[in-house]
Amino acid sequence: MKTYELLAIFKPNLDAEEVDKAIAKIGEDVVEFGGNVESTDKIGRKKLAFDVQNFRDGFFTTIVLALPADKVAEFKRQLRLNDNVLRTMFLEVSKKASV
């Protein structure tokens with residue numbers, strides 16, 4: 001399994017409880033695909049550089065997760081289907097070189 005970092009921006013009209021439920025749902029999806037969530041960091045509400053779906057700000061969160069490489073495409077598809085998510089950035093975490 002590879003390690004990935006997901007930056008998700010949720011709609012600002014959600015309250016804190018709904019954002020927590022949405023993050024939990026993403027975690028459940030990861031486990032369903034045979035992976036695990038290593039850490040979750042709720043960054044908070046931030047202003048966006050430009051309007052996204054007529055929203056000027058969003059609730060940012062980063063999730064570090066391990067996921068089998070063959071399940072990544074389906075996981076990204078599930079993220080796009082989530083109505084509460086404005087934008088996502090999904091990156092593979094690389095190993096740091098030791099000097």
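Colleague: Where is Ile 26 found?
Modeller: Ile 26 belongs to helix 1; helices (H or I, at least four residues) and strands (E, at least two) are DSSP runs, numbered from the N terminus. Please note that this is a predicted model, in which local features need pLDDT of at least 70 and side-chain atom pairs count only at pLDDT 80 or more, while totals for chains, interfaces and linings use all residues. Residues are numbered from 1 along each chain as its sequence is written, and side-chain values use heavy atoms, with hydrogens and water left out.

Colleague: Is Ile 26 buried or exposed?
Modeller: Ile 26 counts as buried, because its relative accessibility is 2%. Buried means under 20% relative accessible area, exposed over 50%, and partly exposed in between (1.4 Å probe, protein chains only).

Colleague: And what is Ile 26 in contact with, leaving aside its neighbours within four places in sequence?
Modeller: With those neighbours left aside, Ile 26 touches Leu 6, Phe 10, Ile 63, Phe 75 and Leu 79. Contact means heavy atoms within 4.5 Å.

Colleague: Which other residues of helix 1 are buried?
Modeller: Besides Ile 26, the buried residues are Val 19, Ala 22, Ile 23, Gly 27, Asp 29 and Val 30. They cover an arc of only 155° around the axis, which puts them on the same side of helix 1; the arc is that of the directions from the helix axis to the C-beta atoms. On the other side of helix 1, Glu 17, Lys 21, Glu 28, Val 31 and Glu 32 are exposed.

Colleague: What do the buried residues of helix 1 pack against?
Modeller: They pack against strand 1, strand 2 (36-52), strand 3 and helix 2.

Colleague: Turning to helix 2, which of its residues are buried?
Modeller: In helix 2 (residues 72-81) these are Val 72, Phe 75 and Leu 79. Viewed down the axis of helix 2, they fall within an arc of 65°, so they line one face of the helix. The face turned away from the buried side carries the exposed residues Ala 73, Arg 80 and Leu 81.

Colleague: How many residues does the largest nonpolar core have?
Modeller: That core has 19 residues, and those with the most contacts inside it are Leu 6, Phe 10, Ile 26, Leu 65, Leu 67, Phe 75 and Phe 90. Strand 1, helix 1, strand 3, helix 2 and strand 4 each supply at least two residues of this core, and helix 1 gives the most, with 5 residues. A nonpolar core is a set of buried Ala, Val, Leu, Ile, Met, Phe, Trp, Tyr and Cys residues joined through side-chain atoms within 4.5 Å.

Colleague: Changing topic, how many aromatic pairs are there?
Modeller: The count comes to 3 aromatic pairs. Rings of Phe, Tyr and Trp (its six-membered ring) pair if their centres lie within 6.5 Å; planes under 30 degrees apart count as stacked, over 60 as edge-to-face and the rest as tilted. The rings of Tyr 4 and Phe 90 are stacked, because their centres are 5.0 Å apart and their planes are at 20°. Tyr 4 lies in strand 1 and Phe 90 in strand 4, so this pair ties together parts that are 86 residues apart in sequence.

Colleague: And what about Phe 75 and Phe 90?
Modeller: The rings of Phe 75 and Phe 90 have their centres 5.8 Å apart and their planes at 50°, so that pair is tilted. Tyr 4, Phe 33, Phe 75 and Phe 90 form one aromatic cluster.
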